Amino acid sequence: MAVFNLQPKFQPAGDQPEAIKKLNNGLKKGMRMQTLLGATGTGKTFTMANVIATQGKPTLVIAHNKTLAAQLAAEFKEFFPDNAVHYFVSYYDFYQPEAYMPVTDTYIEKDASINKEIDRLRHASTQSLLTRQDVIIVASVSCIYGLGSPAEYEKTNLKLALGQTMTRTELLEKLISIRFERTNADLTPGTFRALGSKVEIMPVSETIIFSIDMLGNTINRILKIDPVTSRILREEETIYVFPAKHFVTDGDQVERALASINHELGEQLKVFESTEGKLLEAERLRRRTNYDIAMIREVGYCSGIENYSRHLSGKAAGEPPDTLLSYFPHKADGTPDFLTIIDESHVTVPQLNGMYAGDQARKKTLVEFGFRLPSARDNRPLRFEEFEKRVGQVVFTTATPSTYEREHSQQIVEQIIRPTGLVDPKITIKPILEEGDYLGQVQDFIEESEGEIRAGGRVIATTLTKKMAEDLAAYLKERKIKSEYLHSDIKTIDRIKILTEFRRGNFDILVGVNLLREGLDLPEVSLIGILDADKEGFLRSEVSLIQTIGRAARNVNGRVILYADRVTGSMERAIGETNRRRDIQLAYNKEHGITPKTIEKRIHDIAESMESDHEKAVRSELEMDLAVLGSIESMDAVRTAKGGRNKKSKLHPLTELIKMKEDQMKEAVKMLDFETAAIVRDELKILRTRLVEADT
């Protein structure tokens, strides 16, 4: 039986069959690196899904931002519904790294906001890699940052089986030792509660509850329970509870690590005091490190514990940290035994290459001024050469290969023909500045957009700055045009929701800066306006222009307007390459009698997979209640439908619904059904906001 069960809704077409064959042959021959040079919309993801299915190896897919990674994860889940497809990105919604600025003598403490749902998805990724073969992990460049030893993570997992001898106290102590937290309230991932002879555990990787029923000193029953409905899903004979944190160390190793930290502290204090005469720095380092040692010894943790990761893992100075790559399978001789796909490699490879230098520059200052021990520098991302050694065979996918891909690939496979017969979009150049009857790029873009929207299309505008994107979106709204902006200041899940709403037609124009280029699949887009296209630079380079133009290549009516007062070298090359591909595609269509048609792709909400069960339950309850509210003419019918009394009301329908939900929440509290009460509580927050919006 195949490791991966690919379930496509269509068969490879266009250039795909030949590309799949060439890439598989290259992998079979042992080629270390290959490039799939695929024009936008040619189905590179589907091509690589076929390659993954043929190779049958765990696969790492690296994308250059969280939004693209989420989209790829959703697509691979659709192709491989029976296999383990996971999403692994940085779990910070907000992250301010620890830093020191000597010029102003300003110390900035680390500050971060962790997204618990993304943390859960990270644990699901590592646990799948340690327990099964049919795994695809779609990751951002966070995959090269320190993660904790996979050997320790796997070794410290807790096995619980029916009939196993263990006291209730021992079970609680073991859960605490693997970083689970005890609670008397609702369970969240990584917590447990003890209720008489029962211990309820919510694993960190999924939102279900394991109920352990103790009979004396024996595990008598293990139940898997739905945390929202409290329904028993099934009985289990054996379960494995993995640690709640990726950084886990047993007691003996902690003592060894503390001794090592103490020794390094002594050595660094000698350097500061005797050699360099840095008495202030020495005292600062002594106080901080001794405090951290005390915290680790007493509670097993301290703020910034990742800076002592080299001591806790037992690695030598300068040795690369364990990362997500360490969790993938390796052969007996230590060589990687998995496939790596680097998506939009012209952007992702430079990102991977640049992470180390930026991290070390910040750490160097912290060490020099006594805020951290020198070993803090080993809490770092991989150097690029270390990354190259830790991945197996690599396939780069991009429409615009950079010098690195061209120089290192043993084979470049071109994929220009689209299965749908779509050709690259037509390009028009229009001036930026107002002249005569011409009102300039913004007014012209609005006129062009209004015509496109009337015809049922969607529109993208790209600007040079975030401020310009926000201002243009606001101006469009003033003109009664439904629009939103998108840039890097918007949280990951919010970005994904905006893109989903755009595809669904909740608004017509999406304005962005650099997030609308590589990889985003928006077949509804029929017009793209590139403002200030002649401002030569990164955002208007040949690669950027080709990538942005490609966003209109999934729609049969796709076209692009470049607003420019002069034709730059980048514009000339981008237009030339687009026209070259267009000529090849038109000739192929004519030869094979193909009529182009817009890509039809189901609009799946890729944010839903990152919602907790609680959030899904709130959304489901809200949708159901609003559907009932919208399908009847008055709250008299609402009361009848809900089994209540039939009494005429002059209140706003939402006000009536809010009153009913308040009663429902109070009733749930009386019944001690706190899960239902919490769902209704959060639904009420949304309903009250909508009522305020309705009144205004």
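How close do the axes of helix α2 (residues 44-55) and helix α3 (residues 66-79) come, and at what angle do they cross? They come within 11 Å and cross at roughly 50 degrees, with axes being lines fitted to C-alpha atoms over the stretch in contact and angles running from 0 to 180 degrees between N-to-C directions. That makes α2 oblique to α3 (under 35 degrees is roughly parallel, over 145 roughly antiparallel, 65 to 115 roughly perpendicular, the rest oblique).

A word on the model: it is predicted, so local features need pLDDT of at least 70, side-chain atom pairs count only at pLDDT 80 or more, and totals for chains, interfaces and linings use all residues. Residues are numbered from 1 along each chain as its sequence is written, and side-chain values use heavy atoms, leaving out hydrogens and water.

Back to the helix pair. From α2, T45, F46, A49 and I52 meet L72, E75, F76 and F79 of α3, where contact means heavy atoms within 4.5 Å.

Zooming out, the chain has 21 helices and 25 strands, taken as DSSP runs (H or I, at least four residues, for helices; E, at least two, for strands) numbered from the N terminus. Of its 696 residues, 53% count as buried (under 20% relative accessible area; exposed is over 50%, partly exposed in between, with a 1.4 Å probe and protein chains only).
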